[in-house]
Amino acid sequence: MDLQVKLTDLRLPSGSPRLCRIGRRRLTMAGGITETGEPYSPFVGLVYMFNLIVGTGALTMPKAFATAGWVVSLALISFLAFMSYMTTTFVIEAMAAANAQLRWKRREQEEVSNSDSSSDYSDDEVNIRGRSESVETRPILSVQRVGSADHFDIVERVEMGQMASMFFNKVGVNMFYICLIVYLYGDLAIYAAAVPMSLMEVACGNHSCSAGGVKYNDTDPCWGPVSRKDAYRVFLAVFTLLLGPFTFFNAQKTKYLQILTSLMRWIAFTMMIILALIRIGKGHGEGHPQVAQLSGVPNLFGVCVYSFMCQHSLPSLITPISEKRRVGALLLADYVLILGFYSLLSFTAIFCFDSSLLRDMYTLNFTDNCDVLGVAFLRYFLGLFPVFTISTNFPIIAVTLRNNWKTLFHRDGGTYPWVVDRVVFPLITLVPPIIVAFCTHDLEALVGITGAYAGTGIQYIIPACLVYFSRRHLEPVVGRDAVNKHRSPFRHTFWVAFVVFWATFCLMFVTANIILTESKN
């Protein structure tokens, strides 16, 4: 679905908190009121959200668990699941507030239009209307018709970029887009590294069952004089040539492709968990993970934040749910299930495999170890699984990033020259992540850094700011007595401050750890 749409100016009345004007600019994934989509049941919404959250990050979690120790990992992932759930409720409250704001604006425009079109008022009636409370200063609930829908019903899909434009000032809107763009760059770099690395492992690895548990170096030969590192870069070049051109056009994920990739993902995850459990049950598990290793905590933090990321896609996920009364319970159930799944996947991995042999991409532990998986076809399937699923996502993320670059620099009434629109923006979208992937294929580090920095902004800081400023903007409009039925259970301002404090502390901790680690090296 094309998520670009033109929006008319939105303004708050005089005397109300400022609402950033939204010119008739084309907004993208992160910014526009788009079609709601076909409605679906809460159960289907639960499944969609589960699929949305569980993705590439889950494959890097086992190694992060092994590096940090199982007790520390379990405690941290449980706490981060709670924090992600809290900020998810913040985004949903902000979505409801944005819907109320849009309804109020339309009601104001209707009343102004009706008053302008009426020509039957006497002078006395005009004087009475002049002395009456103006529509602009009257709370929305005071003009609400009997039997009308709740103004906080989430019926219009308001993306995060649109909410940022409604509740933030110009600097805040630009910071939002910069944060989103950095996160999408990290996503593309992870995808660009994961696919060639998987291809390299399959092409250069030993699948004859005689090399189980061997850890290769980048300088080891792959094809005669060609090293594994060179093979990785060859596959990266092929990946770029095949998928890079999609950045110059519009790409859209089809429903059936989404179903296929989801099916492959769950077959692969289920296989890995069952195979690891069987090996542990037979007493062949090689893992003896540490209880705690604080040096691995910063990277585990980034991996967990990345693996719980869903806040930027909530509007397209929550809005079509037909019955939203139990959306809070739906979210809680999803987070409990996902926490259980991540824990099961990671614990079976760290007790099944030696921690020193766990790969950045967990699927690769099954490609050359016949003690775990003796069927060659299934080993190839797990080894190539990231190639199929990630390759379908790369063009979508690339086009989304390109469009957000256009939105960030767009000015009302302006158009881009053809060269800038069709060449420059696609190139600045495609080249940086490819360069990063060319320089490193350390997926654990890429996921950790993306999650720790841009992920912290999108998952913690932006939702906290959205809910805080949405409350401030709406109070003079809807009145103090109005109750947002989708308000977060963490409604006290303390929780907003706590999220911002936690995010700031984590950013400082991760940065300090990186500096100290680099200085030692």
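Buried, in this talk, means under 20% relative accessible area, exposed means over 50%, and partly exposed is in between, with a 1.4 Å probe and protein chains only. By that rule Thr247 is buried, at 1% relative accessibility. Thr247 sits in the loop between α7 (228–243) and α8 (255–281). Leaving aside neighbours within four places in sequence, Thr247 is in contact with Ala398, Arg402, Pro426, Thr429 and Leu430, where contact means heavy atoms within 4.5 Å.

A word on the source. This is a predicted model, in which local features need pLDDT of at least 70 and side-chain atom pairs count only at pLDDT 80 or more, while totals for chains, interfaces and linings use all residues. Residues are numbered from 1 along each chain as its sequence is written, and side-chain values use heavy atoms, with hydrogens and water left out.

Now the overall picture. The protein has 15 helices and 6 strands; these are DSSP runs numbered from the N terminus, helices being H or I of at least four residues and strands E of at least two. Of the 521 residues, 52% are buried. Among contacts between residues at least 6 apart in sequence, 86% join residues at least 24 apart.

One example of residues apart in sequence is Gln101 and His151: they are 50 residues apart along the chain, and their C-alpha atoms are separated by 8.3 Å. Gln101 belongs to helix α3 (residues 70–117) and is buried, with a relative accessible area of 2%.

Next, the core. In soluble globular proteins, nonpolar side chains tend to be buried together. A nonpolar core here is a set of buried Ala, Val, Leu, Ile, Met, Phe, Trp, Tyr and Cys residues joined through side-chain atoms within 4.5 Å. The largest such core has 143 residues, and Met163, Phe301, Tyr342, Tyr362 and Tyr460 have the most contacts inside it. Helix α6 supplies the largest share of this core, 19 residues. What does Tyr362 touch? Not counting residues up to four places away in sequence, Tyr362 touches Leu59, Pro62, Met272, Ala276, Leu345, Ala349 and Phe353.

On to the cysteines. There is 1 disulfide in the structure, a disulfide being a pair of cysteine sulfur atoms within 2.5 Å. Cys204 and Cys222 form it, with their sulfur atoms 1.8 Å apart. The pair links distant parts of the chain, Cys204 in helix α6 and Cys222 in strand β5 (residues 221–223), 18 residues apart. Why is this disulfide left-handed? Because the torsion about the S-S bond of Cys204 and Cys222 is about -80°. Cys204 is buried at 11% relative accessible area, and Cys222 is buried at 16%. Elsewhere, Cys352 is buried at 0%.

Last, the second largest pocket. A pocket is an open set of points on a 1 Å grid over the protein atoms alone, where a 1.4 Å probe fits, with protein on both sides within 12 Å along at least five of seven lines; lining residues have an atom within 4 Å of a point. The second largest pocket has a volume of about 790 Å³, volume being the space filled by probe spheres set on the points, which are joined across faces, edges and corners. Its lining has 33 residues, with Lys63, Asp360, Asp442, Glu444 and Ala445 nearest the centre of the pocket. Helix α14 gives the most to this lining, 6 residues.
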